[in-house]
Amino acid sequence: MFSGIVTAVGRIEQIEPLGDGLRLTVDTGGLDLDGTALGDSIATSGVCLTVIGLDDSRVKFDVSRETLNCSVGLDHVGNAVNLEKALALNGLIGGHLVTGHVDGIGEVMNFAPLAESFELVVRVPDTIAGYIARKGSITVNGVSLTVNDVQGCDFSVNLIPHTIAVTNFRHLVTGDKVNLEIDLIARYVDRMLVWRKEQNMEEGNA
């Protein structure tokens with residue numbers, strides 16, 4: 001579990017084929033690895049990955065083909081990746097509860113200065129559009145953000161300069177793809193409503 005507060009921006013340093021997947025070596029860009037052990041989880045641009053090797057400044061991850069098919073940004077040497085160690089629930093939660101499971105891939109439609117901040121507009125697959133609400137939470141490339149507006153399959157967020165400076169958002173341009181995770185609560189509310197509807201239908205057919 002994570003909070004969507006990025007603590008370092010790393011860089012994919014090496015990629016090795018591993019069956020249908022890949023083994024990544026990531027320069028952690030100053031991420032504090034004290035206390036990190038093999039088997040721990042690190043959110044990497046919004047994707048929960050398991051540490052299978054580490055030294056003072058690098059970590060290794062094995063990435064399955066399924067993960068590669070469902071996410072972006074993990075398959076090119078040199079890519080900047082947002083990093084966050086797993087959350088300790090006795091600490092501060094500065095963002096919102098994030099699982100590191102990508103629900104869909106969005107496309108950047110606009111990223112431009114807006115007064116003292118920047119506006120980021122992302123188009124999402126229609127399969128997850130209904131889970132995104134104005135003033136609700138969304139995770140983009142592992143960053144917890146508050147939705148400013150929703151229009152159809154497009155949502156917008158306002159980013160302060162600090163957020164851009166400490167994440168890989170500083171590399172974004174229109175047309176880029178980003179990893180999206182919907183709010184955890186929205187996912188479970190939807191499942192509860194679907195289940196209740198199914199139960200009512202079964203009772204009506206009984």
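Reader: In the hairpin of β1 and β2, which residue takes a positive phi?

Author: Glycine 19 does, with phi near 60°, and the hairpin has two residues between its strands. Keep in mind that this is a predicted model, in which local features need pLDDT of at least 70, side-chain atom pairs count only at pLDDT 80 or more, and totals for chains, interfaces and linings use all residues. Residues are numbered from 1 along each chain as its sequence is written, and side-chain values use heavy atoms, with hydrogens and water left out.

Reader: How many bridges join β1 and β2?

Author: First, the names: strands (E, at least two residues) and helices (H or I, at least four) are DSSP runs numbered from the N terminus. Two strands pair if DSSP finds at least two bridges between them. Here, β1 and β2 pair in the antiparallel sense over seven bridges. To find your place on screen, look for glutamine 14, which stands opposite threonine 25 in β2.

Reader: Which strand does β2 pair with over six bridges?

Author: That is β5, residues 58-63, again in the antiparallel sense. Arginine 23 stands opposite aspartate 62 of β5.

Reader: Is β2 mostly covered or mostly uncovered?

Author: For cover, read the relative accessible area: under 20% is buried, over 50% is exposed, and partly exposed lies in between (1.4 Å probe, protein chains only). Strand β2, residues 21-27, is mostly covered, as five of its seven residues are buried.

Reader: Let me turn to β6. Which strands pair with β6?

Author: Among them is β1, residues 8-18, which pairs with β6 in the antiparallel sense over four bridges; there, alanine 8 has leucine 83 as its bridge partner. Another is β3, residues 41-44, antiparallel to β6 over three bridges. Isoleucine 42 stands opposite lysine 85 in β6.

Reader: And which strand gives the most to the lining of the largest cavity?

Author: A cavity is a set of points on a 1 Å grid over the protein atoms alone where a 1.4 Å probe fits but cannot get out; its lining residues have an atom within 4 Å of a point. Points are joined across faces, edges and corners, and the volume is the space filled by probe spheres set on them. This structure holds one cavity of 30 Å³ or more, and about 30 Å³ of space lies in the largest cavity. Strand β6, residues 80-85, gives the most to its lining, with three residues. The lining includes Val6, Ser45, Leu83 and Asn141.

Reader: Ser45 is on that list. What is the phi of serine 45?

Author: Most residues other than glycine have a negative phi. Serine 45 has a positive value, near 50°. You will find serine 45 in the loop between β3 and β4.

Reader: Where is alanine 115, and is alanine 115 buried or exposed?

Author: Alanine 115 is in the loop between β7 and β8, and its phi is also positive, near 55°. With a relative accessible area of 74%, alanine 115 is exposed, whereas serine 45, at 4%, counts as buried.

Reader: One more place, please. Where is asparagine 168 found, and is asparagine 168 buried or exposed?

Author: Look in the loop between α3 and β13. Asparagine 168 counts as buried because its relative accessibility is 7%. A polar atom of the asparagine 168 side chain lies 3.1 Å from the backbone oxygen of alanine 80.

Conventions. On a 1 Å grid over the protein atoms alone, a cavity is a set of points where a 1.4 Å probe fits but cannot get out, and a pocket is an open set with protein on both sides within 12 Å along at least five of seven lines; lining residues have an atom within 4 Å of a point. A polar contact is a pair of N or O atoms within 3.5 Å; within protein, one must be able to donate a hydrogen and the other to accept it, and residues adjacent in sequence count only if both atoms are side-chain atoms.
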